[in-house]
Amino acid sequence: MNNYPETPASTETQAHQPGDQTKMNPIPEVIKENYKGSDKLKGKVALITGGDSGIGRSVSVLFAREGADIAICYLDEDRDALDTKKMVEAEGRRCMLIQCDLQHPDEIKKMVEQTLQEFKTINILVNNAGVQYPQDSITDISPDQLFKTFNVNILSMFHLTQAVLPHMQAGDSIINTTSITSYHGHDTLIDYSSTKGAITSFTRSLSTNLAKNKTGIRVNGVAPGPIWTPLIPSSFDEEQLEDFGKQTPMGRMGQPSEVAPAYLFLASEEASYISGQVIHVNGGSIING
């Protein structure tokens with residue numbers, strides 16, 4: 001067992017507003033203690049947005065345990081990023097931290113250039129970072145909020161994929177984080193849910209395009225349900241937190257450690273015949289469509 005920091009991250013990269021994560025109960029689980037790596041990603045390099053906390057942190061650490069070097073894009077949570085870097089390095093892999101505001105294409109381009117300068121290649125792109133700002137009514141969504149939510153959640157995926165794709169080869173993989181809200185919607189996350197729907201369509205369309213052009217690069221998505229990450233207590237009130245995840249068939253929220261293996265599967269050779277698909281990690285909710 002590795003001696004990872006016990007203090008959870010202070011907020012998800014690009015998240016709403018930081019909460020007091022030292023009071024998160026339970027502390028989000030990063031990786032299963034008994035998980036043994038088997039070099040599924042040996043020699044690979046992964047660029048992960050929002051990799052400093054939450055699901056992104058778990059993906060970073062799990063990928064590292066499977067042999068990948070990691071480049072983490074984060075907004076401004078230096079402590080979270082440094083903690084995650086220590087976790088990755090504890091797995092014996094290299095980790096590069098890059099501060100980047102995904103609202104700006106020029107910063108995205110610079111981030112990719114920095115990653116390539118350090119690691120020479122990018123084999124796995126995980127488009128994971130996102131923001132959400134709950135509002136009771138669509139009339140409460142300001143133009144600034146709307147533009148930021150779309151810029152960070154979906155437009156950044158276009159800019160980042162455009163920058164990374166020319167440097168990828170057959171067998172490489174792009175994995176996008178969508179959400180159960182892409183399929184079920186959400187009454188107080190209208191703009192957020194809309195971007196997640198766009199991400200699902202983006203995943204399917206890009207996968208078809210790359211397959212048609214015989215690039216050998218696969219594109220898939222993961223649609224988490226209610227997962228206990230730093231984004232949650234910073235977005236909802238105490239009453240909502242009390243019931244968080246209880247509406248699922250399993251009757252509980254999920255941990256980041258229960259989502260990350262879906263990303264690992266899609267990034268590995270085991271998923272060599274899978275593209276344009278979305279894995280639903282949501283506590284048993286049935287998704288149609």
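A residue is called buried here when its relative accessible area is under 20%. By that criterion, strand β1 (residues 45-49) is mostly covered in this predicted model. Of its 5 residues, 5 are buried. In a regular strand, side chains alternate between the two faces of the sheet. Both faces of β1 are covered. Val45, Leu47 and Thr49 lie on one side, Ala46 and Ile48 on the other, and all are buried.

The chain passes from β1 through helix α1 (residues 54-65) to strand β2, and this β-α-β crossover is right-handed. β1 and β2 (residues 69-74) pair in the parallel sense over 5 bridges. Val45 has Asp69 of β2 as its bridge partner. Thr49 stands opposite Cys73 in β2. β1 also runs parallel to strand β4 (residues 124-127), joined to it by 3 bridges. There, Leu47 has Leu125 as its bridge partner.

β2 is likewise covered. Because 6 of its 6 residues are buried, β2 is largely enclosed by the rest of the structure. Asp69, Ala71 and Cys73 point one way from the strand. Ile70, Ile72 and Tyr74 point the other way, and all are buried. Strand β3 (residues 95-99) runs parallel to β2 and is joined to it by 5 bridges. Tyr74 is partnered by Gln99 in β3. Together, β2, helix α2 (residues 78-90) and β3 make a right-handed β-α-β unit.

Side chains of opposite charge can pair when their charged atoms come close. The structure holds 7 salt bridges. One of them joins the side chains of Arg94 and Asp69, at 3.4 Å from N to O. This pair links distant parts of the chain. Arg94 lies in the loop between α2 and β3, Asp69 in strand β2, and the two are 25 residues apart. Asp69 is buried, at 8% relative accessibility, whereas Arg94 is partly exposed, at 41%. Asp69 and Arg94 also belong to a network of salt bridges with Arg93 and Glu118.

Glu89 is partly exposed, with a relative accessible area of 38%. Lys85 is partly exposed too, at 23%. Lys32 and Glu29 form another salt bridge, with closest N and O atoms 3.3 Å apart. Lys32 is partly exposed at 33% relative accessibility, and Glu29 is partly exposed at 28%.

Technical notes:
Residues numbered from 1 in each chain as written. Predicted model: local features only at pLDDT ≥ 70, side-chain atom pairs only at ≥ 80, totals over all residues. Heavy atoms only, no water. Buried < 20%, exposed > 50% of the residue type's maximum accessible area, 1.4 Å probe, protein only. Helix = DSSP H or I, 4+ residues; strand = E, 2+ residues; numbered from the N terminus. Pairing = 2+ DSSP bridges. Right-handed = clockwise from strand over helix to strand, strands pointing away. Salt bridge = Lys/Arg side-chain N within 4 Å of Asp/Glu carboxyl O.
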